[in-house]
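Hello,

I am handing over the structure we spoke about. Please look through it before you read my notes.

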Amino acid sequence: MSAPLLAACELEHRYPGGVVALRDLSLNIERGRKLAILGANGSGKTTLLLHLNGTLRPTRGEIRLENHPARYDRRALNDWRRRVGLVLQEPDDQLFAATVGQDVSFGPLNLGLSKTDAEARVREALEALRIVPLAERPTHTLSFGQKKRAAIAGVLAMRPEILVLDEPTAGLDPHGVTHLLGALQQLHEAGTTLVFSTHDVELAYAWADEVAVFHDGAVLRQGEAVAVLADREVLRRARLRPPLLLELAQALDAGQGGFGESPPRSREALLALLRERLQG
Ligand SMILES: Nc1ncnc2c1ncn2[C@@H]1O[C@H](COP(=O)(O)OP(=O)(O)OP(=O)(O)O)[C@@H](O)[C@H]1O
Ligand SMILES: [Mg+2]
């Protein structure tokens, strides 16, 4: 098997003041997949994500990029951040330019693209997030959901190989969530590797290929989404509940042979199963 695109190897992170936020944490990010980092508040999700683009350095262990230990000199960091784009949990921590358009163009201009090419990138990113009409708006006047989209657009415009998003759906309305997932799905289909943190088991179940369950700064289990989310013991230890969709599907299917590896993972698929069972 080839080396993972990005890996965290036995990471420890101790914040100044002594809080140990990651302890012996190992995790693999495989090319072309959608990985959900699932964990309760304070389990270490944000701390880990900040290690994935070199914003934080581990106090022990290492990050590996295609099997090479990460380096933290300026050149290496620039190159690393070009490949791994991180969208922060709080959009206010990410947005800094006066207007949305200026904010989103910062990355491409910084990559050394011409003004015309940078403008094309900005346009593409604003379109992907459906915020073209907000281009001239001062960032501080945006609603939370609009800020979130603007922050994502800014990272998208860099066309990273790996897009890392910290709680991308938190604070978005249902339409906003559907729309964001659609945009991310398109990126995924174009080859972008996606990593996102969440405490929403339903989201992880419906959307991730793989899930890593965090608890107290360590990974309790990483694997295929359905297998991990059917592991009640792991979820209980992580203080999470199994996805309702999966529980309903299991209840509906009781004694009927099971679904193997592919239980319904969307509302529509579950409803279809329900109708089938009611008729049969
Ligand atoms: N700057 C900091 N200084 C000291 N401790 C910190 C700092 N940032 C986070 N921590 C601590 O590290 C632990 C992990 O925090 P982290 O933010 O990584 O969790 P999280 O899983 O992202 O939580 P949430 O779901 O609330 O976003 C927590 O105990 C937190 O209090
Ligand atoms: Mg967090």
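The notes below cover the domains, the ligand site and some strand pairings.

Please keep in mind that this is a predicted model.

Domains. The protein chain splits into domain 1, residues 6–242, and domain 2, residues 243–280. Their C-alpha centres are 31 Å apart. Where the two touch, domain 1 contributes eight residues and domain 2 contributes nine residues. On the domain 1 side, helix 8 (201–207) and helix 9 (225–229) are the elements that each give two or more residues. Helix 8 supplies the largest share of that side, with four residues. Sorted by class, the domain 1 side of the contact holds seven nonpolar residues, one charged residue and no polar ones.

Ligand site. Ligand 1 is surrounded by 14 residues, and the closest are Y15, A21, K45, T46 and T47. Helix 1, residues 45–52, gives the largest share of this shell, three residues. By class, the shell around ligand 1 has 10 polar, three nonpolar and one charged residues.

Strands. Strand 1 (residues 6–14) pairs with strand 2 (residues 20–29) in the antiparallel sense, over six bridges. Within this pairing, A8 has L27 of strand 2 as its bridge partner. The two strands make a hairpin with five residues between them, and G17 in the turn has a positive phi of about 105 degrees. Strand 1 also pairs with strand 4 (residues 60–65), again in the antiparallel sense, over five bridges. There, A7 stands opposite R64 of strand 4.

Regards

Definitions and conventions:
Residues are numbered from 1 along each chain as its sequence is written. Chains are lettered from A and ligands numbered from 1 in the order in which they are written. This is a predicted model: local features need pLDDT of at least 70, side-chain atom pairs count only at pLDDT 80 or more; totals for chains, interfaces and linings use all residues. Domain bounds come from an automatic or database domain assignment. Two residues are in contact if their C-beta atoms, placed from the backbone, lie within 7 Å. Ala, Val, Leu, Ile, Met, Phe, Trp, Tyr, Cys and Pro count as nonpolar, Asp, Glu, Lys and Arg as charged, and the others, Gly among them, as polar. A residue is near a molecule or strand if its C-beta atom, placed from the backbone, lies within 6 Å of it. Two strands pair if DSSP finds at least two bridges between them.
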